[in-house]
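Please read the points below beside the structure.

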Amino acid sequence: MKKQAIIMLLFLSGFYTLSAQIKVDSIATRLDLIRNPEVQAITSSSDVTFNDIIISTSWKAYDSTFTANHDTVVWINFKIENTTQDILTTYLFYEGHYIDIYLEKEGRYEHYKNGYFRPLNQRPKPKSYFFTELKLSPLQQSQCYIKLSTDYKKNSTSFPILFSKLGYLELLKNIRAVHYPPIAFIYVYLISLCCIMLFVLVFCIRLQKRIYFYYLGYLFFQIVYAFLVLQTTPATIANLAQHFPYFSVLISESVQFTFIGFYILFILHLLDVKTSSLKLVRALKIFGIVCFAYAILCFGFNLLWVNLEVRRMASIIIRTIVLPLNLFFFFWIIYKVKHPLLKYFILGQSFFFIGAVLSSIVYYTGLHLVPGGIFNFFYSQNVIFMAGLLGEVLCFSIALGESMFLVQKEKEKTSQKLIEQLQQNKIMESNMRKELDNQINQKTEELVQLYSEIEKQKEEQLKKSFNERLRNMEMLALRSQMNPHFIFNSLNALKNLVMQSREEDAISYLDNFSLLLRNILQNSSKNTITVEEELEILELYLSLEKSRLGNDFSYVIQCDSREILSQYSIPPLLLQPFVENAIWHGLYPSYRPEKKLSLVFDTSKQLQITIEDNGIGRKESSKTKKTHQSAGTNITKERLTLYNHVSHTQMQLNILDLEDNGIPSGTRITITYND
């Protein structure tokens, strides 16, 4: 009895072992692995190896609590069996990012890779990311391990399903029925843009204008965007982005804002906005740069940190800002720009704006998920957006064509004007020939008149030359009066020193006077000397006066640069009479304990010479009785007037009486040099 019980127990355990298998031939159409009693699951970190999973003993029933995320992977374990004498094929369906399948065959495990982010060259046949074909030999019983993983922070809610070949074909047929109409539109969009881009490329190479380069960039990144959308579909023809699916997801947002940046630059040139508003041009350029910058930052952010929720929120915020800005610039351009192609911009921008707004509303409000709704079809948000873009591209392509027509029309107008001008030139030539005879007859009279006018001009030039020579002679005569006047005053000063028995001062004075006299004689034959040379004469003269008047008299000379003074010319001994009058008629009669004289040569702007003393002033000086009437100032004024008349430069003289509370405190003389 005990032996029979043991045999029955072994039979039941064997029956249970056999029943805990998934029989491929018993799958009618599909078999969900989740909540299947024959399927067990376990979660682990992403660095756990397959060999560690095989020996694990913590398996549990597979249910919806087992979800993969960035830090956790899900392992599924079940047995699969083919009880027939034929080779059977089952298809594992999974819409997640990564799936690794380890299928036991003849004591070893074959490794299959698939998933949304798997490149095309890593996928098994068939090449769709959501189907993996598993073949079982006759009477084959295999252990199957499945690893589900993702790069996203958010948990994956996709679960694997087994399909029979019949179920696979039926599902594939249904997928094609619902997916292929929007896929067909994407292909139409791609082909249209590629054809337009080909023509624009030819124009860009031949004409080498910026407008075609910007439009080429606009079209190119729209085509890239279309390939990125195509990658999310089961399309097999020209689905280039499936070779790098993960990278395609990263650049999707960046690509959209890149072609928006090129679009803004294209509009600036298409409508020639700079002729209407420079402020609008600056604003549009800043907007374009912001779009390019956001595209780069978005790509870098996605490359370093993938988070679906953060990306979704950032996308909503950016579109909430960009779409109203787009609408604002739309009305600003309409208000400011007056251009023949403005109507195409309005129509194209309307297509784009409607497509972008409607696409965003459909995606972020979930209208594409409403059963039976008008937007309840696959890739609805992308198809709507691309439809708006296609309408915009067609409008801008027509605008480019019409711009070429306008250019050609302008050329024809120019040619017509040239033809008309040539005809007018022929008429003018005929009239000129007729007039030429009359002109020849009149030529003799005109030549006679011209000769008479030339004679008159020569006579006037001779008179003008004579007047200039006369003025120069007058200046020379005044200068001749000036030199004896100065010498007479200097000899008087020397006589005073001798009479005061100041022999050493007289000898020193006589030495300096001889040197000063030599400079005066050298410059007497010149019409002009430099201000630097005049300053040297003044320094000698002031040293003579200092030795005569003693310590009560002091003087200061301020000069920024003697080199700059050498660039200015004045008549010789122009400044000396003013300095002499300041000493003899202003300081000498003064009872002040300190008698000061300052000379300032200011070259910060134009040359300005200031001579200032703290003497008794001109009014008080005119009241005193003088044994000799000073003529130096009047002679200098006349010389200055004549110099301004014959020279291209002008010097202005200003004499100011200084007062302190109504009491005379000196005199300031300012000479300003103007080119």
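1. Helix 13 is mostly covered, since 10 of its 12 residues are buried, where buried means under 20% relative accessible area, exposed over 50% and partly exposed in between, with a 1.4 Å probe and protein chains only. Among the buried residues are Phe578, Val579 and Ile583. Helices (H or I, at least four residues) and strands (E, at least two) are DSSP runs, numbered from the N terminus.

2. This is a predicted model, in which local features need pLDDT of at least 70 and side-chain atom pairs count only at pLDDT 80 or more, while totals for chains, interfaces and linings use all residues. Residues are numbered from 1 along each chain as its sequence is written, and side-chain values use heavy atoms, with hydrogens and water left out.

3. Five strands form an open sheet in the order 13-15-16-18-17, with mixed pairing; two strands pair if DSSP finds at least two bridges between them. Strand 13 (553-559) and strand 17 (650-660) stand at the edges with a single partner strand each, so one side of each is left without a neighbour in the sheet. Strand 17 pairs with strand 18 (residues 663-674) in the antiparallel sense, over 11 bridges.

4. The structure holds 11 salt bridges, a salt bridge being a side-chain nitrogen of Lys or Arg within 4 Å of a carboxyl oxygen of Asp or Glu. In one of them Arg618 joins Asp657, with the closest N and O atoms 3.1 Å apart. Arg618 lies in helix 14 (residues 617-623) and Asp657 in strand 17, so the pair ties together parts that are 39 residues apart in sequence.
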